[in-house]
Amino acid sequence: MIESEFTETPLDIRIRKAVVSDLPAITTFDERSDKDVNPGYWQEMFARYGDDHDKQLFLVCENGDEIVGFIIGEVRDWEFGSRPCGWVFALGVRPDVRLGGVATQLYAAICAFFKEAGVDKVRTMVARQNNDFHSFFRSQGMMAGPYIQLEKDL
Amino acid sequence: MKLQQSTLLGLYAVLELAKAEGGQLSAAGIADKFDVSINHLAKVLRILVRAGHLKAARGAGGGYRYTGNAKRTTLMDIIELFEPVSIEGFEGRDLPHGTDVEAGLAVALVEISELMQATLQSITLRTMLKIMQSRGGKT
């Protein structure tokens, strides 16, 4: 049981692999859902990462019988010349249970998967203005890495 | 980026007191640890008290204790009490720049400034305490 700063009720959480029936709940609190997300986006994500794969993982966090968080990542090989490493590229926690340890447990679970897959480094990318995500990943010990992301309008 | 002495003292003091987890420390003890002037430190501590990060107890056996929320307070929150965090003269991308040189330089300096601000806003005192613990050093 863990305490959330936003709920009086202690959370009773369990981390497991995602199943198709989790997707409607996830879309309700994925911060990108209210933007221009393709309706088939989550179906496609599940097809690519949700089944049993050696290098991809899609986890959800249950609090009782409710889905309150998710994380998706994969092992990428030799991207930009770097040794294989784990990438976390999607993470979400339902707003009313944030600061309750949900993201920390999801992150720990995906890091264990990466380690099991044989890599010794985990990376992610966050929007400069997304202070909550940036702070969360730093609180897990992540620091700026040796690469800088660059872009240009085309 | 070169932080002013007051800013550094503010960071030293707030981190030292947050590390004490509610315990009380004297200004003299903190000044001694970081080998700084107690008068200068006292001014800095007053600013931190006024901002609600510390509480002061007066009298014999008095001192300071951390009363903020270390999970929500960032390095930026502390630094901004003492000095602005930006590259002077290039705070906004929309500022008019007279020459092509100024305009070009502004783009580069704004990028640096935004990265610096994003980093300082993302590192909480709690994260700093973890970093301090993992890096070791004289306690």
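This is a predicted model: local features need pLDDT of at least 70, side-chain atom pairs count only at pLDDT 80 or more; totals for chains, interfaces and linings use all residues.
Student: How do you know that the length of H3(A) agrees with its number of residues?

Tutor: Helix H3 covers residues 102-116 of chain A, and at 1.5 Å a residue its 15 residues should span 21 Å. The end C-alpha atoms are 21 Å apart, so the two values agree.

Student: Which residues of H3(A) are called buried, and what makes them so?

Tutor: Buried takes 20 or more other C-beta atoms within 10 Å. Val102(A), Ala103(A), Leu106(A), Tyr107(A), Ile110(A), Phe113(A) and Phe114(A) are buried, so each of them meets that cut-off.

Student: What do the buried residues of H3(A) pack against?

Tutor: Their partners in chain A include strand S2 (56-63), strand S3 (66-76) and helix H4 (131-139). Ile110(A), for one, touches Leu57(A), Leu59(A), Ile71(A), Gly73(A) and Val88(A), leaving aside residues up to four places away in sequence.

Student: What does H3(A) supply to the largest nonpolar core?

Tutor: That core has 30 residues, with Val102(A), Leu106(A) and Ile110(A) among those with the most contacts inside it. Seven residues come from H3(A), the largest share.

Student: What classes make up the side of chain A that touches chain B?

Tutor: Seven residues of chain A are in contact with nine of chain B. The chain A side has five polar, two charged and no nonpolar residues.

Terms used. Residues are numbered from 1 along each chain as its sequence is written. Chains are lettered from A and ligands numbered from 1 in the order in which they are written. Two residues are in contact if their C-beta atoms, placed from the backbone, lie within 7 Å. Ala, Val, Leu, Ile, Met, Phe, Trp, Tyr, Cys and Pro count as nonpolar, Asp, Glu, Lys and Arg as charged, and the others, Gly among them, as polar. Helices (H or I, at least four residues) and strands (E, at least two) are DSSP runs, numbered from the N terminus. The expected span of a helix is 1.5 Å times one less than its number of residues. A residue is buried if 20 or more other C-beta atoms lie within 10 Å of its own, exposed if 12 or fewer, and partly exposed in between; C-beta atoms are placed from the backbone. A nonpolar core is a set of buried Ala, Val, Leu, Ile, Met, Phe, Trp, Tyr and Cys residues joined through C-beta atoms within 7 Å.
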